Amino acid sequence: VTVRVLALLRIALALAILADLGRWAGDFTLFFTSSGPLTLSAMVADAEGGKEAFSLYNSCTYSEAPVLLFALTVLTVLALALGFRGDLAGPVAWLLMLSLQNRASIALDRWDALLLASLAFAPLSPWDRVWALRPAPRVWPQRAVAVMMALALLGSFVPSAWRPESAASFFALGPRSQPPDGVWYVALVRDRDGRQWQWSRADHEPSFARESSLFPNASYRQSLYLGGLSRPDNWGLRYWLAYYLFKKEELSQGPGGLALVEVHQCDARGHRLFARWPMQETSAR
Amino acid sequence: MSRWQAWQSPCLWALDKRSLALCRIATGLVILGDLASRAQSFRIHYTDDGILPRQLLYDIQALRFPTVYAMSGCEVFLGALFLFHGLVALSLCLGYRTRLSGFLAWYLTVSLQERMFMANNGGDKVLASILFWGLFLPWGEALSLDSREAVEGPSQVSSMATAIFMMQPIMMYWISVFHKLEPTWLRGEVLAYALQSDFYAYPVGQVLLPYTGLMRVMAYLTFFWELLGPLLLLSTRPGLRLFACLVFMLMHAGFGIFLRIGVFAFSPMLYMLGMLPSALWTSRRGGRLQVALQGLFRKARPKAPSSSGPMTLGRPVSLALGALFLYVCLIALSQDKRIGRLTPESMDWLANITGLNQRWSVFIDTPRIFDGWMVVEATMADGREVDLFQGFDPARWGKPGTPYHRFDSFRWPTPLVVISGDRRYHKWFVRGLALDWQREHPEDKVTWASLMLFQETPRLDPKGTTVERVVLWQGNPL
């Protein structure tokens with residue numbers, strides 16, 4: 001493998017991550033702030049592996065912190081693309097991407113694991129020898145690189161207690177997060193007088209039709225998120241979705257008037273209760 | 001010589017580098033001791049299976065410091081972090097890469113304090129302040145693995161950082177005196193109330209309870225010494241400063257003998273060590289100690305590292321530090337309800353992000369100080385009833401010899417006071433204890449638990465004390 005090919009790989013990987021960050025940015029409030037359904041409490045309490053998952057996003061509750069971390073991630077990946085100290089930018093980008101993915105681990109798919117695994121090799125590879133603004137000042141000895149790559153490869157097949165999704169075995173064998181084809185989700189709101197309407201559409205008659213879906217044009221990450229909620233291990237997070245919808249509706253309707261929000265999982269055969277807030281009645285588990 | 005240079009020359013604010021080095025060594029040791037003490041309650045205080053899991057932490061307390069100890073709830077991660085924290089403290093103690101070690105020690109220590117905010121007392125705030133101001137002090141330029149000579153450059157140093165280092169404890173004592181202008185202190189009854197509390201007092205402290213006159217004298221001595229002693233700390237006469245440092249150290253040691261204040265007995269002493277006068281090091285004994293310590297460091301690292309030169313602070317940094325200290329003084333003063341907020345809320349991030357959010361109202365309003373004991377009576381699957389907190393099997397409601405039969409550490413009184421006063425903690429407290437019990441007794445399964453508080457009404461006459469049982473929470477905690 002020539003250094004040019006490695007440089008090309010570095011640039012392509014960085015661009016792919018930048019495109020991915022662009023997609024995340026579209027759902028930033030939803031997935032990275034505590035005003036979305038994935039609050040820090042929700043993630044560490046109810047997400048699969050959330051207790052063990054390491055994330056810089058968990059370190060404080062400033063509302064500006066996720067924005068700063070996200071901006072830092074973009075800058076670091078940009079530095080990687082431009083070849084500015086790739087030996088430093090690579091590990092830092094890996095740490096920031098790991099944190100970002102663990103913060104919203106419910107909205108991941110297998111490609112995310114692959115992106116992360118590719119970044120893990122960054123400090124080992126002489127991929128900023130050419131086409132780089134400022135190459136790394138030293139190159140690792142080849143034998144050390146070979147040993148570390150072998151260890152990393154072996155390690156990648158062992159599911160980590162900290163982050164099961166990061167293992168290559170998960171990539172190969174793990175469950176899909178996408179919701180099954182032909183499934184959609186509808187949210188209904190009921191006030192204290194028993195009146196019921198579609199979430200965020202005050203003049204809309206309740207309906208379980210596909211066009212009444214919660215996210216009518218669901219983004220890639222929103223689809224993954226809904227698929228993740230459907231997984232049995234993440235059932236606890238469904239309440240947070242209903243709670244989030246309840247709070248948002250309450251903001252527009254005024255406090256005290258709402259009785260509950262229900263989210264239904266629908267398909268061509270009918271619908272069933274998926275989540276509700278408040279939780280007096282247990283939802284499907 | 002400009003006015004600025006004149007201010008910086010050795011004077012009132014001059015500190016000896018060897019004293020600062022001694023302060024650095026002792027700071028490292030205090031952190032190590034603190035970690036050892038915290039490690040006794042590692043699982044139950046710091047992991048997500050403890051009494052303050054992160055999901056509760058995020059809901060109850062806004063985390064205003066980027067806390068590495070909250071980045072994961074995994075025991076392995078947290079254990080490794082504790083270990084790393086200990087190595088950093090050791091590195092600071094030895095003066096190895098002192099600036100980096102100092103920064104890491106400050107960051108990790110404040111992180112740890114934030115993670116288990118309930119267990120902090122004034123001593124933790126003192127420790128955090130020493131580590132922060134230490135970032136701007138040349139405390140690695142003597143008696144360290146980093147220093148080439150016994151002392152690099154002149155032995156005395158004077159800067160804005162040394163001035164703040166001296167003023168910080170003085171500010172602490174004077175604001176504390178201001179807080180003490182309240183009836184219990186003015187009547188000299190504070191020790192009687194404080195020592196009566198089983199939550200805070202050691203049995204040895206309670207021996208003093210019958211001697212009300214002595215306790216009153218001790219309270220007044222503390223009050224007046226905290227008021228006037230700091231003036232002696234500012235003295236340029238070595239004898240007076242040494243006397244003040246020693247008396248302050250003795251005072252804190254005395255507090256530590258009588259009360260469960262843990263790190264508060266030691267951390268203020270660190271400031272005193274840093275303020276020891278140069279004359280001490282030129283005396284025969286001081287000189288011997290210096291030679292012996294430097295010999296040890298030379299032996300440990302025969303090849304002297306390349307020196308990065310003595311630490312100097314430019315004017316912008318000095319002015320910024322001065323402004324920060326002024327702000328910290330206002331923050332500390334604002335904690336008194338009679339004064340109220342003196343700084344805008346929008347500036348709070350500055351105190352939080354530096355770990356300098358200080359409060360010096362120690363042992364104020366003591367008649368309301370908490371006293372009594374806690375029982376967490378749990379029913380096991382086999383029908384046995386045990387006390388998850390005290391560890392008694394079978395459980396009993398009577399007053400135990402110590403309120404911390406199972407967890408004997410000074411890191412417990414403050415959390416218990418916080419927990420008993422806020423119902424949001426109750427279930428989580430019992431859950432943490434239940435998980436801990438089941439881990440230690442794998443054959444047991446907790447099916448039901450009841451959190452009970454036996455509250456004693458503190459009175460000056462111990463014979464008149466009444467006990468009230470309050471059930472704070474009951475249910476299945478798991």
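## Exercises on the interface and the cavities

The side chains of A:Lys51 and B:Asp49 form a salt bridge, with 3.0 Å from N to O. The model is predicted.

**Exercise 1.** Show that the pair B:Asp49 and A:Lys51 meets the salt-bridge rule.

*Solution.* Start with the cut-off: a side-chain nitrogen of Lys or Arg must lie within 4 Å of a carboxyl oxygen of Asp or Glu. Next, take the N to O value for this pair, 3.0 Å.

**Exercise 2.** Describe the side of chain A that touches chain B.

*Solution.* Sort its residues by class: 9 are nonpolar, 6 polar and 2 charged. Then count both sides of the contact: chain A gives 17 residues and chain B gives 22.

**Exercise 3.** State the area buried between chain A and chain B, and the share from carbon and sulfur atoms.

*Solution.* The buried area is about 1,600 Å². Carbon and sulfur atoms give 59% of that area.

**Exercise 4.** Find the largest cavity and describe its lining.

*Solution.* First, count: there are 3 cavities of 30 Å³ or more. The largest has a volume of about 60 Å³. Next, look at its lining, which includes A:Met43, A:Val44, A:Asn102 and A:Arg103. Helices H3 (40-46) and H5 (86-103) of chain A each supply at least two lining residues. Last, sort the lining: 4 nonpolar, 4 polar and 1 charged.

Technical notes
Residues numbered from 1 in each chain as written. Chains lettered and ligands numbered in written order. Predicted model: local features only at pLDDT ≥ 70, side-chain atom pairs only at ≥ 80, totals over all residues. Heavy atoms only, no water. 1 Å grid on protein atoms, 1.4 Å probe; cavity = no way out; pocket = protein on both sides within 12 Å on 5 of 7 lines; lining within 4 Å. Points joined across faces, edges and corners; volume = space filled by probe spheres on them. Helix = DSSP H or I, 4+ residues; strand = E, 2+ residues; numbered from the N terminus. Nonpolar A, V, L, I, M, F, W, Y, C, P; charged D, E, K, R; others polar. Contact = heavy atoms within 4.5 Å. Buried area = accessible area lost by both parts, 1.4 Å probe.
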